[in-house]
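I start from the sequence and structure.

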Amino acid sequence: SIVKNHYDSLLWLKFDKGYFNFECDIYLCGLYLWSDDSPAANVNEVDLFNILSHDISHFNQYGSVLLAGDWNCRVGNKPDFVVCDRYVNNIDYEEYVPDAPLCRASQDPLCNARGVKMLDLCKCTNMRIANGLLGSDNSI
């Protein structure tokens, strides 16, 4: 079912665990972010990354979250995880789980401002970029 739609750019779908026989509900965001040089990018004066961050936090409470679509971002080989992250005794909550390094092998070495926002979103939400990480993508 469709559970949320932001500006026809972020469309959230719910895959019900009972219907699909999953362990938990899955929330999939199909997204399209216009490139910076597109006139459509300036139609709505909103930060879709901020909206996406709030939605991820919300839907993570109810199930697993997946994002798929065209981000129009360039992230190069920059990490999508917190580098040198670790648990610190007497400071962190016991439930804190540090980011695990998963290095991607992107064939595009460039990174742009929107890519930096995407990487920050990944670090804040513990999401990972699959391009350059899965299957034959990870071999250069």
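Are phenylalanine 49 and tryptophan 71 buried or exposed? I looked them up, and both are buried (under 20% relative accessible area; exposed is over 50%, partly exposed in between; 1.4 Å probe, protein chains only).

Ground rules. This is a predicted model, in which local features need pLDDT of at least 70 and side-chain atom pairs count only at pLDDT 80 or more, while totals for chains, interfaces and linings use all residues. Residues are numbered from 1 along each chain as its sequence is written, and side-chain values use heavy atoms, with hydrogens and water left out.

Entry: aromatic pairs. I found six aromatic pairs in the structure. Rings of Phe, Tyr and Trp (its six-membered ring) pair if their centres lie within 6.5 Å; planes under 30 degrees apart are stacked, over 60 edge-to-face, the rest tilted. Tyrosine 27 and phenylalanine 59 are stacked, because their ring centres are 4.7 Å apart and their planes are at 20 degrees. Tyrosine 27 sits in strand E3 (residues 25-32) and phenylalanine 59 in helix H2 (residues 48-60), so the pair ties together parts 32 residues apart in sequence. Helices (H or I, at least four residues) and strands (E, at least two) are DSSP runs, numbered from the N terminus. Tyrosine 27 has 6% relative accessibility, so I log it as buried. Phenylalanine 59 has 4%, so it counts as buried too.

Phenylalanine 49 and tryptophan 71 make a tilted pair, 6.1 Å centre to centre with 40 degrees between the planes. Phenylalanine 49 is in helix H2, and tryptophan 71 is in the loop between strand E4 (63-70) and helix H3 (113-125), 22 residues apart. I also noted one aromatic cluster, formed by Phe15, Tyr19, Phe20 and Phe22.

Entry: core. A nonpolar core is a set of buried Ala, Val, Leu, Ile, Met, Phe, Trp, Tyr and Cys residues joined through side-chain atoms within 4.5 Å. The largest one has 22 residues, and Leu10, Trp12, Leu52 and Trp71 touch the most other members. Strand E2 (10-15), E3, H2 and H3 are the elements that give two or more residues to this core. H2 gives the most, with six residues.

Entry: pocket. A pocket is an open set of points on a 1 Å grid over the protein atoms alone, where a 1.4 Å probe fits, with protein on both sides within 12 Å along at least five of seven lines; lining residues have an atom within 4 Å of a point. Of the 22 residues lining the largest pocket, Trp71, Met118, Ile129, Ala130 and Asn131 are the closest to its centre. E4 gives the most to this lining, with five residues.
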